[in-house]
Amino acid sequence: MTSKVIPSIVIRNKKMIMRLEIKKMSSIIDSDLLLTVRPLGTSLGAEVRGIDFSKPLTTVTLEQIQLAWTKYLVLRFRGMPTLSADDLITFSKNFGKLDARPIGSSDKNPYFDVDKPEITIISNVVVAGKPIGGLGAYEAVWHSDMTYVDLPPKASCLYAIEIPPTGGNTYFVNMYEAYDSLPTDLKNRLTSLSCVHDASRNSAGELRKGFADINDPTKTVGAVHPLVRVHPVSKKPCLFLGRRRGAFVSGLTLVESEALLNELWAHATAPRFMWSQEWEIGDLVMWDNRCAMHRREAFDPTTRRLMLRTQISGEPVLQG
Ligand code: SIN
């Protein structure tokens, strides 16, 4: 073992050092110690290397991933072109219970043998006239996943099986930094405010089954969450915006709500808080849905993109 192969985030963690010392003393040669974490963006995103996905992940590996994830918000595991839907489920379950796929997304389909409630197919591929997955080839606008429910997932894992030659990249923003960089008077104003998160449409703008097409934000149907939430692991506050369409800040007039939300959204989606994932086949990306938002750019609908997604169940949203 050399200090070169242990990421600095691990070295700073006393509990982890103790574990590594115990392993060293008992002369266990463990591939866990080869895990490295390379930052990808200036604001968020890191690539984790050195994990053997063909074996169950050990406690030490999982703790290292958790530390890296808390620090970088979005982790990429590259170069795994042969993961199955079951492998993705097994990996995701290391971080908690999995949610069933959202309403209105793909169910059983003849093309891809995924009849598992934990898997959502994100794809523009059409077979026998039927889309096999959700979100098509459109832009999926900035959002956090499923914030229109009371307990939104804490994380999503997205795995690339087919990617288009250009486009279809996924952008992420760091909502801790977005919050930290707000002026103090605005932070103070946000402390007591909550916002409704529209359940009626997905991030590609499609109306979900069973919902009315409401265009007045004061009548939006969906969960109400604080505009600032505290992350249950890092204990740090972050902006929690969810989705712009249909959003309405409780207790304000529509004009005041629109003005405040426009200001917050323009601020939070600035390039300085952003990193973009340019997909390769076999990439597995795991993002923290509590403190990062994402957006998927559009791509040529005559090309193919096929991804599998899992979502890890969340916990109650803590008011910031
Ligand atoms: C999503 O919004 O969950 C999908 C992102 C993507 O397709 O890259």
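Trainee: Hi! Where is Asp216 found?

Mentor: Hello! This is a predicted model, and in it Asp216 sits in the loop between strand S11 (194-196) and strand S12 (224-226).

Trainee: Is Asp216 buried or exposed?

Mentor: Asp216 is exposed, because it has 9 other C-beta atoms within 10 Å, and a residue counts as exposed with 12 or fewer.

Trainee: How many Å apart in space are Asp216 and Phe248?

Mentor: Their C-alpha atoms are 9.3 Å apart, while in sequence the two residues are separated by 32 positions.

Trainee: Let's zoom out. How many helices and strands does the protein have?

Mentor: Its secondary structure comes to 7 helices and 20 strands. The protein has 320 residues, and 40% of them count as buried.

Trainee: And what share of the contacts is between residues 24 or more positions apart?

Mentor: Such pairs make up 77% of the contacts with a separation of 6 or more.

Trainee: OK, on to the ligand. Which residues surround it?

Mentor: The shell consists of Ile122, Leu135, Ala140, Asp145, Ser156, Leu158, Thr170, Ser203, His294, Arg296, Met307 and Arg309. By type, they divide into 5 nonpolar, 4 polar and 3 charged residues.

Trainee: Which strands each supply at least two residues of that shell?

Mentor: Those are strand S9 (155-162), strand S18 (292-296) and strand S19 (306-312).

Trainee: Leu135 is on your list. What is its phi?

Mentor: Near 75°, a positive value in a residue that isn't glycine. Leu135 belongs to strand S7 (residues 134-135). It counts as buried because it has 24 C-beta neighbours inside 10 Å, and 20 or more is the cut-off.

Trainee: Which other residue has a positive phi although it is not a glycine?

Mentor: Met146 is one, with phi at about 50°. Met146 lies in the loop between strand S8 (140-143) and S9, and it is buried, with 23 other C-beta atoms within 10 Å.

Trainee: Switching to helices: how many residues does H7 have?

Mentor: Helix H7 (residues 254-268) has 15 residues. From first C-alpha to last it reaches 21 Å, close to the 21 Å expected at 1.5 Å a residue.

Trainee: Which residues of H7 are buried?

Mentor: Ser257, Leu264 and Ala268 are buried there. Looking down the axis of H7, the buried residues fall within an arc of 45°, so they line one face of the helix.

Trainee: What's exposed on the other side of H7?

Mentor: There you find Val255, Asn262, Glu263 and Ala266.

Trainee: And what covers the buried residues of H7?

Mentor: The cover includes strand S10 (170-174), helix H5 (175-180), strand S14 (237-239) and strand S15 (248-249).

Trainee: Now H4. Which of its residues are buried?

Mentor: In helix H4 (residues 85-93), they are Leu88, Phe91 and Ser92. Seen down the axis of H4, they fall within an arc of 95°, so these residues line one face of the helix. Strands S9 and S19 are among the elements covering the buried residues of H4.

Trainee: Last topic: how many residues does the largest nonpolar core have?

Mentor: It has 65 residues, and those with the most contacts inside it are Val48, Val74, Leu75, Val173, Met175, Leu239 and Ala292. S9 gives the largest share of this core, 5 residues.

Trainee: What is Val48 in contact with, leaving aside neighbours within four places in sequence?

Mentor: Val48 is then in contact with Leu35, Val37, Ile65, Ala68, Leu75 and Phe77.

How values were computed:
Residues are numbered from 1 along each chain as its sequence is written. This is a predicted model: local features need pLDDT of at least 70, side-chain atom pairs count only at pLDDT 80 or more; totals for chains, interfaces and linings use all residues. A residue is near a molecule or strand if its C-beta atom, placed from the backbone, lies within 6 Å of it. Helices (H or I, at least four residues) and strands (E, at least two) are DSSP runs, numbered from the N terminus. Ala, Val, Leu, Ile, Met, Phe, Trp, Tyr, Cys and Pro count as nonpolar, Asp, Glu, Lys and Arg as charged, and the others, Gly among them, as polar. The expected span of a helix is 1.5 Å times one less than its number of residues. The arc is that of the directions from the helix axis to the C-beta atoms. Two residues are in contact if their C-beta atoms, placed from the backbone, lie within 7 Å. A nonpolar core is a set of buried Ala, Val, Leu, Ile, Met, Phe, Trp, Tyr and Cys residues joined through C-beta atoms within 7 Å.
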